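Subject: Structure for you to look at

Hello,

Here is the structure I said I would pass on. Please open it before reading my notes.

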Amino acid sequence: MEAVPRMPMIWLDLKEAGEFAFNAAVKKSAVSVPRDFEGCSTLRKYLGQLHFLQSRVPMGSGQDAAVPVTWTEIFSGKAVTHEDIKYEQACVLYNLGALHSMLGAMDKRVSEECAAGAFTYLRDHFPHSYSVDMSHQILSLNINLMLGQAQECLLEKSMLDNRKSFLVARISAQVVDYYKEACRALENSETASLLGKIQKDWKKLVQMKIYYFAAVAHLHMGKQAEEQQKFGERVKVIYFQSALDKLNEAIKLAKGQPETVQEALRFTMDVIGGKYNSAKKDNDFIYHEAVPALDTLQSVKGAPLVKALPVNPTDPAVTGPDIFAKLVPMAAHEASSLYSEEKAKLLRDVMAKIEAKNEVLDQFMDSMQLDPETVDNLDMYEHIPPVLMEKCAALSVRPDTVRNLVQSMQVLSGVFTDVEASLKEIRDLLEEDEAQEKKLQELLGRVPPAPGSPPGLAEVSKECSKYLELHEKASFTNTELHRAMNLHLGNLRLLGGPLEQVRAALPTPSLSEDDKQVLQNLKRILAKVQEMRDQRLSLEQQLREMIQKDDITTSLVTTDRSEMKKLFEEQLKKYDQLKVYLEQNLAAQENVLKALTDANVKYAAVRKALAEVEHKWNTTVQTLVASYEAYEDLMKKSQEGKDFYTDLEGKAAKLLERARAACQASEAHRQQLLERELKKQPPPRPTAPKP
């Protein structure tokens with residue numbers, strides 16, 4: 001796969017700048033940057049200087065020195081104006097991300113992590129109401145696209161470097177995860193309306209890539225299985241089969257994509273197809289191992305090896321010297337950065353605890369395999385499934401279905417019997433004729449040859465043997481047809497009858513009051529688990545929003561340097577209540593999971609019983625549907641049987657007439673021979689009387 005052609009990547013347009021009462025030369029050089037890494041450096045410097053400026057001059061929204069800032073919105077092309085220097089910063093930051101995305105889409109395949117970092121910083125540190133192209137939904141979409149493309153670049157390099165198959169599979173699986181997040185955003189109706197015409201193109205490309213990189217992941221899982229000595233042969237077949245299926249889905253979604261995409265798909269198809277065919281052939285003819293189901297094998301967990309590179313607008317290595325250093329003391333700015341770091345540290349500590357608990361919870365729930373929505377499936381048994389209702393409706397307008405089938409089979413049986421009788425009579429005639437021949441031979445000692453013997457018996461015997469052979473073969477088919485009819489007849493009568501009888505024929509679970517109580521208790525605890533998850537997520541979002549809005553710059557300007565630490569401590573106390581709520585939520589998890597474990601133990605017997613009933617229910621439904629679908633085939637085969645036996649009956653009747661005539665002629669011929677032989681013999685001598 002190291003030689004596979006590269007897939008195209010999505011890149012974003014840069015915003016166009018409008019009015020901003022700033023130094024014209026600075027403004028021009030900052031918004032008309034070259035499309036290269038020098039342009040990225042210029043944008044970073046400009047962003048940093050804007051940050052320095054706004055920390056000293058009141059140019060924010062509603063402040064005394066605020067001036068109009070105008071930029072063009074990407075999707076609509078409309079000019080959007082805000083009297084806020086942070087709007088200028090946000091647009092520059094957007095262009096920094098867009099330029100990195102443009103460079104990342106080029107042959108060098110770099111900068112995607114930088115683009116993700118710029119969009120992440122923009123999403124987390126600036127208002128989302130400035131313009132549509134900088135809304136929370138669009139920025140989140142851009143972040144996932146850039147992370148996915150960054151992981152895709154890493155995947156390309158890993159394949160070129162011939163990394164281990166399992167690592168390549170995990171890297172590819174993570175590409176799929178990022179693109180799935182992006183696809184979910186693209187499928188959101190609000191996001192789609194914001195993007196406009198490009199939404200369909202992006203969505204089609206991302207969906208195709210999801211299937212394509214899923215195929216690559218399973219290809220390398222299969223290659224890993226090849227490298228294993230134990231169980232490798234049977235496992236790789238199913239992985240290669242899955243890879244082939246997913247690649248075929250990608251090919252379907254790739255219609256209209258550029259030739260580079262088609263080349264990559266063709267190349268990958270050659271690799272996966274060859275692997276699958278070879279593995280299947282080896283297993284079929286050499287190893288003969290049972291191929292397991294895909295869902296019984298190890299799932300491919302993504303390995304996120306890329307991240308959004310953080311943006312620090314005040315990094316002197318990027319921004320250069322502060323051109324506004326003489327306007328205000330830097331102490332306030334430095335203190336603000338320190339406070340931001342304290343907030344970031346607080347968030348990191350809390351998130352580490354949340355992620356650790358979430359990982360334990362996810363692993364526990366995966367091992368339980370409990371879905372709150374389908375933990376009992378009792379509602380399923382209250383209704384006839386749609387597929388069965390469709391068959392019942394079809395039979396309700398054809399009330400003669402069963403009668404027609406029975407009559408057709410009866411006619412077939414009648415013709416079958418007639419043919420059998422005719423052939424038996426022919427065989428009896430031939431056997432009788434043969435017996436008479438033997439008697440004549442015993443009487444005369446031989447059968448003298450005589451010209452003019454009746455012809456036709458040999459031909460009759462030959463044809464009779466042929467018809468008997470045909471009849472014998474057809475008799476087996478006829479028996480199987482009757483067996484199939486008897487198998488499906490009861491089901492067809494059931495489907496054509498009242499719906500109440502159909503519903504009564506479907507198995508239903510019989511739960512005791514104790515069983516129902518066990519179910520209710522389990523569902524209650526599962527609801528508690530979900531409630532705990534939702535509360536945890538809500539508290540996390542509140543904490544993030546609170547940290548994002550927490551700006552104490554005004555306080556820092558008027559605070560003495562020696563009092564900065566005390567001010568930080570006082571300001572950070574505002575997060576204590578949220579932290580307490582989160583700690584309580586995290587601490588409750590152990591008790592909730594213990595209760596769920598106990599409930600699941602009691603649920604085991606009920607779960608087994610429900611699974612058995614569900615299996616019987618599905619089997620019954622499938623059997624009834626199969627009977628309906630077998631009706632037309634039975635009617636067709638019955639008609640074919642009637643046609644066959646009608647034809648054979650005509651032939652047998654004619655042959656019977658010929659047999660009768662031939663046997664009569666043969667009998668007459670024997671009489672002639674007997675008379676002729678008797679005439680040739682001398683009359684008996686007179687004997688002397690006995691003394």
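Below is what was found in it.

This is a predicted model, in which local features need pLDDT of at least 70 and side-chain atom pairs count only at pLDDT 80 or more, while totals for chains, interfaces and linings use all residues. Residues are numbered from 1 along each chain as its sequence is written, and side-chain values use heavy atoms, with hydrogens and water left out.

Helices 5 and 6

Helix 5 covers residues 136-160 and helix 6 covers residues 165-187. (Helices are DSSP runs of H or I with at least four residues, and strands are runs of E with at least two, numbered from the N terminus.) The two helices pack at an angle of about 160 degrees, with axes 8 Å apart. Axes are lines fitted to C-alpha atoms, for helices over the stretch in contact, and angles run from 0 to 180 degrees between N-to-C directions. Helix 5 and helix 6 are therefore roughly antiparallel, a term used for angles over 145 degrees. Contact means heavy atoms within 4.5 Å; among the residues that meet are L141, L145 and L155 in helix 5 and V168, I171 and Y178 in helix 6. By class, this contact of helix 5 with helix 6 has 14 nonpolar, seven polar and two charged residues. Nonpolar covers Ala, Val, Leu, Ile, Met, Phe, Trp, Tyr, Cys and Pro; charged covers Asp, Glu, Lys and Arg; the others, Gly among them, are polar.

Helices 5 and 8

Helix 5 also packs with helix 8 (residues 198-227), at an angle of about 35 degrees and with axes 13 Å apart. The residues making the contact include L141, L145 and M159 of helix 5 and W202, F213 and H220 of helix 8. They divide into eight nonpolar, two polar and two charged.

The hairpin

Strand 2 (residues 69-72) and strand 3 (residues 79-82) pair in the antiparallel sense over four bridges; pairing requires at least two bridges found by DSSP. W71 stands opposite V80 in strand 3. Six residues lie between the strands of this hairpin, and G77 takes a positive phi near 80 degrees.

Regards

Terms used. Parallel < 35°, antiparallel > 145°, perpendicular 65-115°, else oblique.
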